[in-house]
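Subject: Structure handover

Hello,

Please look through it when you have time.

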Amino acid sequence: MGLIWHGVDEVPDDFGPTAVTIGNFDGVHRGHQQVLARLKAAAAASGSRAVAVTFDPHPARVHRPDTAPHLIMGIEDRLAALAAYGLDAILVIHYTLEFAQQTPEEFVRGVFVDGLKASHVVVGHDVRFGRGNAGDLATMQELGERFGFEVVVVEDFTEPAAPVERGQADDAEERRCSSTWVREALDAGDVRTAAEILGRPHAMHGEVVHGAARGRALGFPTANLDHDSAGHIPADGIYAGWLVDEKGTRWPAAISVGSNPTFAGVARQVEAHVIDRPDEAPEDFDLYGQRVVVEFVERLRGMVAYRGPDALIDQMKLDVEQAHAILSAAGRSV
């Protein structure tokens with residue numbers, strides 16, 4: 001893993017020259033991945049070091065905390081996803097209202113020029129920076145000419161805006177991959193589209209905590225994620241997916257998101273029932289207290305209130321069977 005700095009003052013004076021990109025990188029989706037690939041190429045071609053600059057907290061949480069979007073992933077997951085692309089370093093800037101008052105020139109001079117000794121800056125057409133987002137691509141290019149760095153512009157990465165059915169012409173309207181689109185898909189429970197944009201299944205990370213043990217009483221014990229888990233919670237419903245434990249073992253799972261309307265007074269939660277769990281040795285399958293990953297593959301149905309536990313149990317059996325079939329068809333051994 002490359003270096004991670006929390007502030008420009010941590011960057012060594014002799015680290016440069018660098019090829020730099022900047023963004024919130026929430027989700028590290030396929031559009032971000034295209035930028036990172038161009039960054040690595042620019043660094044290799046110029047003999048520079050590849051550095052991504054990102055912010056924590058997300059600027060929207062500072063400027064408009066009451067309406068800021070739910071983040072697709074937490075900062076630790078974001079840094080891990082960025083580091084997976086083999087960057088030499090990641091600079092995390094603590095975003096504050098004071099920091100946001102810098103002009104575009106002040107920001108570029110302080111971070112790119114003086115801090116990182118940038119020889120190349122890799123950005124998309126929609127780049128905005130500086131006080132009031134006053135800086136744009138033209139501003140960056142003008143500053144590049146003034147301070148001696150080359151601006152590399154990356155084209156938008158697009159995907160079909162709607163799934164193309166088998167047998168139809170592949171003429172679906174294209175849409176730019178974005179964090180906003182990922183959130184829209186997750187809010188609709190469309191985790192398949194979210195995975196297409198992300199280039200991988202959407203995931204949540206959290207600690208397994210004790211719940212009401214209602215699932216165990218019904219014959220379907222679940223691993224309940226704590227309410228501080230990182231990652232955008234998809235729409236209420238039942239999903240096929242995977243639970244990855246601390247050892248890295250991937251378990252097929254039927255995942256429930258919601259408050260379970262069959263029972264009154266249940267808070268909204270995310271819980272995963274591991275399919276084919278080793279019940280013959282339950283002492284070897286204790287997930288409580290573990291930090292696990294829950295990946296969402298496909299939504300099976302919405303959340304429904306059933307007339308009593310028996311009807312719910314029957315439906316849960318069907319859910320598990322369907323989840324098992326979907327995960328098996330995905331080519332994984334379950």
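This is a predicted model: local features need pLDDT of at least 70, side-chain atom pairs count only at pLDDT 80 or more; totals for chains, interfaces and linings use all residues.

Aromatic pairs

The structure contains eight aromatic pairs. In one of them, the ring centres of Phe-99 and Phe-107 are 6.0 Å apart and the planes stand at 90°, so this pair is edge-to-face. Both Phe-99 and Phe-107 are buried. Another pair, Tyr-239 with Phe-296, has its centres 5.3 Å apart and its planes at 85°, so it is edge-to-face too. Tyr-239 belongs to strand β11 (residues 237–244) and Phe-296 to strand β14 (residues 291–301), so the contact ties together parts 57 residues apart in sequence. Tyr-239 is buried at 0% relative accessible area, and Phe-296 is buried, also at 0%.

Ring pairs also join Phe-55, Tyr-95, Phe-99, Phe-107, Phe-112 and Phe-129 into a cluster. Elsewhere, Arg-49 sits over the face of Phe-15, 4.4 Å from the ring centre.

Just after α4, Lys-117 has a positive phi of about 50°.

In helix α3 (residues 75–83), the buried residues are Asp-77, Arg-78, Leu-79, Ala-81, Leu-82 and Ala-83. They pack against β1 (3–5), α1 (30–46), β3, β4 and β9 (202–209).

Salt bridges

There are 11 salt bridges in the structure. One joins the side chains of Glu-159 and Arg-30, at 2.6 Å from N to O. This pair links distant parts of the chain, with Glu-159 in strand β7 (residues 158–160) and Arg-30 in helix α1, 129 residues apart. Glu-159 is buried, with a relative accessible area of 12%, whereas Arg-30 is partly exposed at 26%.

Arg-176 and Asp-126 form another, with the closest N and O atoms 2.5 Å apart. Arg-176 is in strand β8 (residues 174–176) and Asp-126 in the loop between β5 and α5, 50 residues apart. Arg-176 is partly exposed at 36%, and Asp-126 is partly exposed at 45%.

Arg-175 meets Glu-184 in a salt bridge of 3.0 Å, N to O. Finally, Glu-105, Arg-109, Glu-142 and Arg-146 are connected in a salt-bridge network.

Regards

Definitions and conventions
Residues are numbered from 1 along each chain as its sequence is written. Side-chain values use heavy atoms; hydrogens and water are left out. Rings of Phe, Tyr and Trp (its six-membered ring) pair if their centres lie within 6.5 Å; planes under 30 degrees apart count as stacked, over 60 as edge-to-face and the rest as tilted. Buried means under 20% relative accessible area, exposed over 50%, partly exposed in between (1.4 Å probe, protein chains only). Helices (H or I, at least four residues) and strands (E, at least two) are DSSP runs, numbered from the N terminus. A charge sits over a ring if NZ of Lys or CZ of Arg is within 6 Å of the ring centre and within 35 degrees of the ring normal. Contact means heavy atoms within 4.5 Å. A salt bridge is a side-chain nitrogen of Lys or Arg within 4 Å of a carboxyl oxygen of Asp or Glu.
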